Each structure stands twice: as C-alpha cells, then as structure tokens.
Amino acid sequence: MLDKRSFKLAAVPAPSGSDKLRRALWRLVERTAYGWSPTPFHRWRCFLLRSFGAKIEVGAHPYPSARVWAPWNLRMGRASCLGPEATCYSVAEIAIGDYVTISQGAYLCSATHDYRDPNFPLVVGNISIEDGAWVAAGAFVGPGVKIGKGAIVGARAVVVKDLEPGVVVAGNPARQVGSR
C-alpha cells in the first residue's frame, strides 16, 4: 500500500542534452565565480543564481559554500539564508520563504528513486519552507515536504513528512518535541 506522501512525488524523464549542458555551465560558475566569492558578497551570488533562473528576493544570503544543483528550481524569499555547506538538490522546485534560515550542512533533497519499481525511476517532489522557519545544522528535508510557517527542524533531524506551522521537531525520524 502506498503512503499518502507517495502521491506528492512524480516520476521524471531522464535529463535532456540541453539540461545536462545547462547544469554543466552552472557547475562551472558555481565552482568559480560563486564559490570563490568572499562571504559578504551575497548580492553577487544572488546575481549569479538569478542569471541561471533562480527567483531570489532582496536581502537573501546564499553563502559561497552552499550548493545548488539547479538554480532555475530555487526560490529564496526576503532575508532568507542558505548557510555554509548547505545543499539544495533542486531537481524539483525548492521554495524558501521570507526570513528562513537554512543552517550549515543542511540538505534539502527534492528527488529520490521509487524502490518498488524494478526500473528504479527517479521521482521528485517540491519542497516548501514557509516564512520564519529554521532548518538547523545538518538536518535533512526530503522530497515533497512542506515545512510550516515558523517551524523549527532541529540539528541532524530527518524530515520526510509535512510539518505544521510552529512545531519544533528533532530526531530521525523527526518527532515533535515542542512548539513556538
């Protein structure tokens, strides 16, 4: 029996040649002009992300060691932060709201594989992190997950189900330990 979350995930075709080229060009820019930029140069990195199709609001702070797989699938709200060593595996859209902090080493993963299918197809699901939420250091957010407004994902937590607004979760799998 499929769980409710499975319906939020969709199979995707293999990437086209043009998609592979676009990702290769981004990877080159990310590893040079983006990654080598001094930490305070957030506006420069926002410019580079926007140049590759990201929708970035004023005051966003992507750090130079933060990795974005496909900028065209990234949205960052006002005064949001994509911290050092954070990863956005943005095969599907990753939407980060206003005043959101994605702390160091957090991993936002919008894709997985359907292990039930012998062909092991890639499946994707959008990630939405609403205004005022915090994804703490080293946390993992899986595909198709929505983090509610003001929710907190504790350090090293693993979130594979939607979180209601204002909850505080910790652990693997993430369990509610409080509220704001």
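1. The second largest pocket holds about 200 Å³ of space. A pocket here is an open set of points on a 1 Å grid over the protein atoms alone, where a 1.4 Å probe fits, with protein on both sides within 12 Å along at least five of seven lines. The volume is the space filled by probe spheres set on the points, which are joined across faces, edges and corners.

2. This is a predicted model, in which local features need pLDDT of at least 70, side-chain atom pairs count only at pLDDT 80 or more, and totals for chains, interfaces and linings use all residues. Residues are numbered from 1 along each chain as its sequence is written, and side-chain values use heavy atoms, with hydrogens and water left out.

3. The lining of the second largest pocket (residues with an atom within 4 Å of a point) numbers 13 residues, and P13, P15, D19, W69 and V91 lie nearest the centre. α1 (17-34) and β12 (122-124) each give at least two lining residues; helices (H or I, at least four residues) and strands (E, at least two) are DSSP runs, numbered from the N terminus.

4. An open sheet of five strands runs in the order β2-β5-β8-β13-β16 with parallel pairing. Its edge strands, β2 (55-56) and β16 (146-147), each pair on one side only. Pairing requires at least two DSSP bridges between two strands. Within this sheet, β5 (residues 74-76) and β8 (residues 94-96) share three bridges, and M76 faces I96 in β8.

5. Strand β19 (residues 167-170) pairs parallel with β17 (residues 152-153) over two bridges and antiparallel with β20 (residues 175-179) over four. In the β19-β20 hairpin, with four residues between the strands, G171 has a positive phi near 95 degrees.
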